[in-house]
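Open your viewer and get ready for a short walk.

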Amino acid sequence: SYRELKGEAVLITGGANGIGQSTVEAFVNLGPRFYFCYVDVKGGRKLEKLGKQGLFEKANLLKEAEIKK
């Protein structure tokens with residue numbers, strides 16, 4: 001539940017496709033703020049518009065420079 005996540009930072013990787021996308025959609029319905037990343041900017045921005053509590057950032061986790069930003 002949302003109460004269990006209150007005050008926690010949530011990061012969802014692979015958030016614009018498959019299981020990651022389903023996780024983002026579930027968090028939009030739960031209500032807490034969260035961050036998600038993926039290499040597909042178009043898909044990420046589309047999901048970001050579902051609710052104001054999700055923040056998308058393009059990132060390829062195989063590239064260290066993109067993780068650090």
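Which residues of helix 3 (residues 41–48) are buried? Select G43, G44, L47 and E48: these are the buried ones, where buried means under 20% relative accessible area and exposed over 50%, with a 1.4 Å probe and protein chains only. Looking down the axis of helix 3, you will find these buried residues within an arc of 135 degrees, so they line one face of the helix; the arc is that of the directions from the helix axis to the C-beta atoms. An α-helix has 3.6 residues a turn, so residues three or four places apart point the same way.

A word on the model: it is predicted, so local features need pLDDT of at least 70 and side-chain atom pairs count only at pLDDT 80 or more, while totals for chains, interfaces and linings use all residues. Residues are numbered from 1 along each chain as its sequence is written, and side-chain values use heavy atoms, leaving out hydrogens and water.

Next, select K42 and K46, which are exposed on the other side of helix 3. Then show helix 2 (18–30), strand 2 (34–38) and strand 3 (54–58), against which the buried residues of helix 3 pack.

Now pick D40, which caps the N-terminal end of helix 3. One of its side-chain oxygens lies 3.3 Å from the backbone nitrogen of K42.

Finally, colour the chain by secondary structure: there are four helices and three strands, which are DSSP runs (helices H or I, at least four residues; strands E, at least two) numbered from the N terminus. Their order from the N terminus is α-β-α-β-α-β-α.

Key:
Contact means heavy atoms within 4.5 Å. A polar contact is a pair of N or O atoms within 3.5 Å; within protein, one must be able to donate a hydrogen and the other to accept it, and residues adjacent in sequence count only if both atoms are side-chain atoms.
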